[in-house]
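Please read it alongside the coordinates.

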Amino acid sequence: MPVQFGEGFSTLPFLILVFSLLHLLCLHKYGSSNPLGVDSVDFVFFFPKYVSKDIFCFFGFYGIALLWLVFYYPNFLGHPDNYVMANALITPKHITPEWYFEPFYAILRSIPNKLGGVIIMGFAILILSYLPLLEFTITTTKFSSFGQFCFWFFVGNFLCLGWLGTCPIEDPFILFGRIATFFYFFYFLVTLPLISIVEKFL
């Protein structure tokens with residue numbers, strides 16, 4: 001019996017549960033980080049402060065914003081091409097993923113090689129989970145104007161990648177996608193270590 005495409009993703013919730021439990025174990029063992037980057041003996045217990053905040057955010061987002069979006073504007077974040085009748089004989093000229101995949105889709109198609117594009121796109125996602133393991137001495141960007149500039153430049157570059165993911169695969173969007181992909185990795189691999197080195201001498 002052939003395996004359907006969606007069946008492979010049935011284990012994804014269990015993987016998320018495992019990583020959530022690992023996160024809680026690490027949080028219990030090592031504690032949470034201080035936004036100011038300094039050691040403190042004034043601890044705040046997880047219960048009831050953070051539990052009440054999480055419950056409020058949960059019901060505030062899922063109970064109001066998401067349900068309002070689902071019941072009143074279900075097609076607000078959808079794409080018009082999703083309502084076109086499927087035809088196996090016609091390939092759409094321009095295919096775009098959902099909006100939350102578009103930045104990584106732009107990274108995928110900015111690489112000429114197919115396998116290389118998949119590897120780079122996977123690395124673009126995995127590098128986000130690698131950040132907590134990096135032993136940077138960065139305290140916070142609130143006290144560094146250069147750090148704030150680099151962070152907001154990264155945010156703008158990421159939004160630009162999202163926009164490029166919706167553009168046709170043609171010049172000059174291909175060139176812009178490669179430049180934005182370069183700055184995406186440049187921020188993680190060069191800018192953040194550079195800021196940490198500079199802060200050691202300040």
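1. Helices (H or I, at least four residues) and strands (E, at least two) are DSSP runs, numbered from the N terminus. On that basis the element order from the N terminus is α-α-α-α-α-α, with six helices and zero strands in the chain.

2. This is a predicted model, in which local features need pLDDT of at least 70 and side-chain atom pairs count only at pLDDT 80 or more, while totals for chains, interfaces and linings use all residues. Residues are numbered from 1 along each chain as its sequence is written, and side-chain values use heavy atoms, with hydrogens and water left out.

3. Of the 202 residues of the chain, 17% count as buried (under 20% relative accessible area, 1.4 Å probe, protein chains only). The chain exposes about 16500 Å², of which carbon and sulfur atoms supply 74%; the areas come from the Shrake-Rupley method with a 1.4 Å probe. Among contacts (heavy atoms within 4.5 Å) between residues at least 6 apart in sequence, 66% join residues at least 24 apart.

4. Phe185 lies in helix H6 and is buried, with a relative accessible area of 12%. Leaving aside residues up to four places away in sequence, Phe185 touches Ile107, Ile120, Phe123, Ala124, Ile127 and Val190. Phe185 and Ile127 are 58 residues apart in sequence, yet their C-alpha atoms are 8.8 Å apart in space.

5. Helix H6 (residues 173-200) also holds Thr191. Thr191 is buried too, at a relative accessible area of 9%. With residues up to four places away in sequence not counted, Thr191 touches Cys150 and Phe186.

6. The whole structure has one cavity of 30 Å³ or more. On a 1 Å grid over the protein atoms alone, a cavity is a set of points where a 1.4 Å probe fits but cannot get out, and lining residues have an atom within 4 Å of a point. The largest cavity holds about 70 Å³. Its lining includes Ala106, Arg109, Leu164 and Phe173. H6 gives the most to this lining, with three residues.

7. The second largest pocket has a volume of about 410 Å³; a pocket is an open set of grid points with protein on both sides within 12 Å along at least five of seven lines. Of the 21 residues that line the second largest pocket, His79, Asp81, Asn82, Pro92 and His94 are the closest to its centre. Volumes are the space filled by probe spheres set on the points, which are joined across faces, edges and corners.

Technical notes
Buried < 20%, exposed > 50% of the residue type's maximum accessible area, 1.4 Å probe, protein only.
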